[in-house]
Amino acid sequence: MIHGVHAALVTPRRDGSNEIDHAAALDLVEFACGSGLDGIVLLGTTGEFVHFDIGDRVKLMRLAIKRSRLPVTVNVSHSTLEGAIHLARESAACGAASLLLMPPYFFGYSQSDIESFYLRFAREADSNLPTLIYNMPAVTTPLEFGTVMRLIATGLFTGVKDSSGRLDDFRRMKAVKSQTPFCILIGADQVFAEARQEGADGAISGVASAVPELLVGLEKAIAEGSGGKRDRLEARLHEFVAWASRFPIPIGVRLAVGLRGLKVGPAACPPGSEAAQRISEFREWFHGWLPAVLEEARA
C-alpha cells in the first residue's frame, strides 16, 4: 500500500526548446529527497507530461530514479494505449516503485471505453508494479465511481489518486475499503487535510513540489493529533492554493519552485500582460509568506 506525502514534481524545461532540462530536474529530485517526503512523482499533471515526447520522458525517469533516495512513482498516462504500455515497461525496467495512469487524454471517452483501456493496459503492460488509477477530471474524462470500483475489484490496481477535489467521492470510496482493500491518495491539495483525517492514505501533492515542508508538517500534525498546528498549516495551504488558482495548472507551483532557488525554465505558454502582473504580485506575496510557513512547519 502506498501512503504518506508524495511530491508531484514540476518538470524543468530548456530555454528555447521543448525538451526537459534534465540537470535542473535532478536538482529538484535532490531538493525533494532532503525534505522529509515519503516519495516523489514524475511527469504528472504538475509535471506537464503532455509537452514532452516519450524518449524525453523515459530519459528523465531513468536519471531521476537512479538519483532518488525516495520511492519514485511515474505517471505513464498517454493519449494511446500503446504509449502508456511502453512507458509502463520502461518505468519497470528503470526501477520505479509504482505507476499512475489516467484515462487517455484530450478526447472524451465513454466509461466502457475507459474500463476496457485500463484492463488491456493491465494485461499487456505486465509490469508487476503497483498501479494507481488517476482521476483528473480537470484535464481528461472524469472517472465515475462505478468504473473505479469495478476496476479495483479486479485486483489489478493498487488504488486511486483522486484529484477531483470532491470529498463526497472520497467518502464513497472509503466506505467500501473494508470490503475491498485499496489505497486512496488525495491529489487536490485543498481537501488533503480533511480527507487525511478521515482515513485517506496520503497525498500526491503539487504544492509539495515547491513547499514540501508545509505538507510534511501538516501530515505530522495530523498524525500526532496536534489540532492547533494542523489548523494553522491547513490555512497556510489554502492560502497557497488560492494564489495558485489564479494561474493555469501548474504555473503557480512552477513560480514557487523557482522562488526557492531552483531552475524551472520558461513556461510552456508565455504569460500575457495581465498574467505578468499577477506573477509579480505572487512573487511579492510568496517572499513574505514562505518564512513564516517554514517556521510554523518546523516548530
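I began with the second largest pocket, which is lined by 28 residues, and among these Met136, Gly187, Asp189, Gln190 and Ile249 lie nearest its centre. The elements that give two or more residues to this lining are α10 (227-244) and α11, where helices (H or I, at least four residues) and strands (E, at least two) are DSSP runs numbered from the N terminus. I noted that a pocket is an open set of points on a 1 Å grid over the protein atoms alone, with protein on both sides within 12 Å along at least five of seven lines, whereas a cavity is a set where a 1.4 Å probe fits but cannot get out; lining residues have an atom within 4 Å of a point.

Before going on, I recorded that this is a predicted model, in which local features need pLDDT of at least 70 and side-chain atom pairs count only at pLDDT 80 or more, while totals for chains, interfaces and linings use all residues. Residues are numbered from 1 along each chain as its sequence is written, and side-chain values use heavy atoms, with hydrogens and water left out.

The second largest pocket has a volume of about 510 Å³, a volume being the space filled by probe spheres set on the points, which are joined across faces, edges and corners. Its lining has 16 nonpolar, ten polar and two charged residues; Ala, Val, Leu, Ile, Met, Phe, Trp, Tyr, Cys and Pro count as nonpolar, Asp, Glu, Lys and Arg as charged, and the others, Gly among them, as polar.

Next I turned to the largest pocket, which holds about 620 Å³ of space. Of its 30 lining residues, the closest to its centre are Glu48, Pro248, Ile249, Pro250 and Ile251. The largest share of this lining, five residues, comes from α11.

The largest cavity holds about 60 Å³, and helix α1 (residues 22-33) gives the most to its lining, with three residues. That lining divides into nine nonpolar, one polar and no charged residues.

My last entry concerns serine 98, which lies in strand β4 (residues 98-101). Is serine 98 buried or exposed? Serine 98 counts as buried because its relative accessibility is 4%, and buried means under 20% relative accessible area, exposed over 50%, and partly exposed in between (1.4 Å probe, protein chains only).
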